[in-house]
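Have the structure open and work through each step before reading the solution.

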Amino acid sequence: MTKLTHSDLWSLEHYARERNNYRQQVMAHKKPRQIAIGPHARLYFEDEMTIRYQIQEMLRIERIFEPEGIQDELDAYNPLIPDGSNLKATFMLEYENADERKAMLTKLVGIEKQVWIRVGEYPVISPICDEDLERDTEEKTSSVHFMRFEFSADQIAALHRGESMWIGIDNDLISPNKLLIKGESRASLIKDLKLVH
């Protein structure tokens with residue numbers, strides 16, 4: 001697994017100088033990695049660049065510069081970087097209206113387990129969810145879930161050969177509930193999956 005270390009990060013002073021340009025690069029990089037399934041469900045796929053940005057922002061906001069504090073942030077965020085056999089994503093349920101959001105979160109309990117990825121005719125890949133902490137109760141789900149999708153070597157090889165890639169949610173309250181991933185989004189996600197020779 002690729003892990004960020006202290007040497008991959010800028011000092012607070014250096015980051016202050018680079019932040020505007022770096023932020024523009026990161027936003028452009030993130031755009032094809034945001035997959036909307038219907039108007040209210042979105043997957044934000046993480047990688048080394050998105051996580052490095054998150055860490056730099058946390059260090060900036062919290063004014064962290066001591067080595068121990070920096071290591072704490074690295075330890076918290078490094079597990080969100082894919083390691084070659086998986087995709088890792090933040091799943092968001094997005095409702096602008098607070099009352100609608102509250103009502104829908106009670107109706108969508110368990111939705112994180114209904115998300116899937118499919119490669120060609122291979123079996124559906126279900127996510128491993130919220131490994132850091134439980135986010136559901138019996139009454140409502142969270143608007144944020146963390147997901148890890150594990151791919152077999154055959155599925156990774158198939159994607160690199162050009163097989164189709166679908167992402168969907170088996171829930172009638174999400175419509176449309178599946179999407180063919182293509183173009184720049186597909187290319188960006190496949191870079192996270194390493195061929196095993």
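**Charges and rings**

In this predicted model, Arg52 lies over the face of Trp10, 4.3 Å from the ring centre. A second case involves Lys178, whose charged end sits over the ring of Trp166 at 5.1 Å from its centre.

**Exercise 1.** Classify the pair formed by Trp10 and Tyr22, and locate both residues in the chain.

*Solution.* Let's start with the count: the structure holds four aromatic pairs. For Trp10 and Tyr22, the distance is 5.1 Å centre to centre and the angle between the planes is 75 degrees. Planes over 60 degrees apart count as edge-to-face, so Trp10 and Tyr22 form an edge-to-face pair. Next, the location: Trp10 belongs to the segment before helix H1 (12–30), while Tyr22 is in helix H1, twelve residues apart.

**Exercise 2.** Decide whether Trp10 and Tyr22 are buried or partly exposed.

*Solution.* Trp10 has a relative accessible area of 23%, which makes Trp10 partly exposed. Tyr22 has 5% relative accessibility and counts as buried, because the cut-off for buried is under 20%.

**Exercise 3.** Classify the pair of Tyr22 and Tyr53, then name the cluster that the ring pairs build.

*Solution.* The ring centres of Tyr22 and Tyr53 are 6.2 Å apart with the planes at 55 degrees, so this pair is tilted. The pair links distant parts of the chain, with Tyr22 in helix H1 and Tyr53 in helix H2 (residues 48–62), 31 residues apart. Both Tyr22 and Tyr53 are buried. Finally, ring pairs join Trp10, Tyr15, Tyr22 and Tyr53 into a cluster.

Notes
Residues numbered from 1 in each chain as written. Predicted model: local features only at pLDDT ≥ 70, side-chain atom pairs only at ≥ 80, totals over all residues. Heavy atoms only, no water. Phe/Tyr/Trp six-rings, centres within 6.5 Å; stacked < 30°, edge-to-face > 60°. Helix = DSSP H or I, 4+ residues; strand = E, 2+ residues; numbered from the N terminus. Buried < 20%, exposed > 50% of the residue type's maximum accessible area, 1.4 Å probe, protein only. Lys NZ or Arg CZ within 6 Å of the ring centre and 35° of its normal.
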